[in-house]
Amino acid sequence: MKYYTRDLLTLLISLFILSSCKNPAGIGLDNNPGDSFYGTLNDTLTLKTVTLRDDSARSVIRVANNNSNIPSININQLPFGYYKDPVFGETQANIALAILRPESGDIRLPQNAQIDSAVLVVRYGNSFVGDSQSSTYLLKVRQLDEVYSPNTIYYSTKNWSVKSDDIASTQLRRFNLKDSINVIVRGSNGQDSTVKRYPELRVRLNNSFIGSLLSHTLDSATVNSETGFLNHAKGLYLTIDKNAQQGIGGLATLSPTNPQSSDSPNFMEVTYRVTDAEGDTDTLTKVFPIPVPTSSSSNGAPFMYMSASINRSFSPVIQSQLANTAVNQTTVYAQAMGGLRTKVSFPYIDQLKGKKIAVNRAELVVYVDDDNSNTVSTPAPRLTLYRKDVSGNNQPIPDGDSRPVRDLRSQFQAAGPFALGGFYDDKAKRYVFTLTSYIQDVILGKVQNSDVYIAPVSEIMTNTIPFWPDITAPSSVVLKGFNPEDAQAKNELRTKLNIYYTELE
């Protein structure tokens with residue numbers, strides 16, 4: 001067998017690395033992402049880049065199924081707010097949630113109860129995009145007009161039926177995701193104390209609504225069961241009144257989880273006073289939990305008590321892109337939460353088929369388009385990349401396969417999320433994806449449809465490499481599409497596929 005390389009040193013180094021490679025398939029160099037590779041470089045393949053609508057994003061957790069090789073989807077935060085992005089257009093994210101009955105006791109208030117306060121408490125997540133300085137928001141809470149079902153799979157496109165009356169309306173000067181707050185709570189001994197809590201959204205609910213919801217006239221047998229109360233209360237719906245908003249706004253995140261314990265950080269708390277026959281007054285509290293996500297111990301079915309629904313109105317620029325996907329687009333867009341994805345095609349990669357080529361490294365390099373980005377939001381911290389099978393289902397790239405039963409060539413166990421790449425390099429203003437095994441499969445004819453898709457995902461979701469729309473990351477990015485003419489004329493870097501290979505004979 002004879003190898004054609006640039007020089008003997010390159011041949012010896014390549015043979016040494018390949019002979020010691022842990023890759024079971026023998027394809028690709030076993031180096032850390034970002035290392036230099038030797039071999040012939042082909043970076044002149046014609047690409048096609050276009051912007052497409054993404055699929056709707058799953059808004060509830062998914063439990064892994066090893067038998068079906070289905071990975072879990074963990075949702076640690078959900079988007080909430082209204083953001084009029086100068087580039088992408090309008091995005092409104094609303095939250096629907098279920099409140100459950102207290103663990104014990106009668107949910108109904110005594111006949112002579114006087115409600116002091118009713119507060120909805122929802123913990124903030126970690127992410128925010130938009131204007132954090134000058135925008136103000138009018139938050140409204142309403143009752144659902146349909147029952148929130150915790151074991152139903154909801155998606156970002158869910159259109160909830162909501163009652164028209166506001167049960168809360170409060171002005172927010174900003175979403176306070178970072179500062180902890182001090183809250184006065186009453187202990188079991190009846191004494192008040194101050195407790196420091198994680199950043200959370202606290203909304204005062206209408207007392208008359210609570211009085212009706214927990215009326216002493218309700219049938220005890222019906223409302224004091226878990227299902228009965230859920231059917232009675234239905235659920236709550238949180239939204240931002242975009243017509244009353246000042247500024248372009250933003251998208252914050254609310255968390256259904258509690259990293260510190262299995263206890264729910266979210267609840268509705270009702271404080272009331274009752275007076276006994278002797279005239280003594282006692283102050284009491286009922287807590288209605290919004291439980292953390294869980295799964296059934298019997299069949300693994302997911303249970304989640306919060307979900308997000310997202311409405312969009314894309315800008316004229318985006319609408320034009322979506323209406324003209326037959327042509328190559330030199331500026332392309334990607335938006336998380338089931339918004340937009342960038343499709344990258346390799347129409348002439350067939351010219352490499354039939355050749356005896358060992359792909360040492362293949363990488364798709366995608367650059368941020370600062371000239372067409374807004375000045376408010378930073379580029380998405382992380383992008384993912386995936387393909388579609390012949391049935392049109394999303395599938396992972398073999399190099400970054402993180403499923404329970406992975407492709408043998410996947411580097412996920414060793415490199416984690418960096419096996420695929422896609423993390424933003426703010427110095428080079430680019431994202432780099434490792435596609436070595438995938439491009440080798442394309443060249444060998446093992447993959448019929450070589451198109452790949454790019455979309456933002458959460459940078460803190462490091463235990464998996466998503467190949468599905470991610471609802472937890474309210475991020476977006478404008479990318480430089482394929483345009484060799486501009487790249488040459490302006491001496492600028494644009495989307496390209498680098499293939500380092502060795503010809504075999």
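Residues are numbered from 1 along each chain as its sequence is written. In this predicted model local features need pLDDT of at least 70 and side-chain atom pairs pLDDT 80 or more, while totals for chains, interfaces and linings use all residues, and side-chain values use heavy atoms, without hydrogens and water.

Biologist: How many residues of strand 14 are buried?

Modeller: Buried means under 20% relative accessible area (1.4 Å probe, protein chains only). Strands are DSSP runs of E, at least two residues, numbered from the N terminus. One side of strand 14 holds Gly-249, Leu-251 and Thr-253, the other Gly-250, Ala-252 and Leu-254, and both sides are covered. For strand 14 (residues 249–254) the count of buried residues is six of six.

Biologist: Which residue of strand 14 stands opposite Phe-80?

Modeller: Two strands pair if DSSP finds at least two bridges between them. Strand 4 (residues 78–85) runs antiparallel to strand 14, with six bridges. Opposite Phe-80 stands Ala-252.

Biologist: Which residue of strand 14 does Val-129 stand opposite?

Modeller: Strand 7 (residues 129–130) is joined to strand 14 by two bridges, also antiparallel. Val-129 stands opposite Leu-251.

Biologist: Is Pro-71 buried or exposed?

Modeller: Pro-71 sits in the loop between strand 3 (48–53) and strand 4. Its C-alpha atom is separated by 7.8 Å from that of Ser-402, 331 residues apart along the chain. Because its relative accessibility is 7%, Pro-71 counts as buried.

Biologist: Where is Asp-276 placed?

Modeller: Asp-276 counts as partly exposed because its relative accessibility is 38%. Its place is the loop between strand 15 (267–275) and strand 16 (281–289).

Key. Helices (H or I, at least four residues) and strands (E, at least two) are DSSP runs, numbered from the N terminus. Buried means under 20% relative accessible area, exposed over 50%, partly exposed in between (1.4 Å probe, protein chains only).
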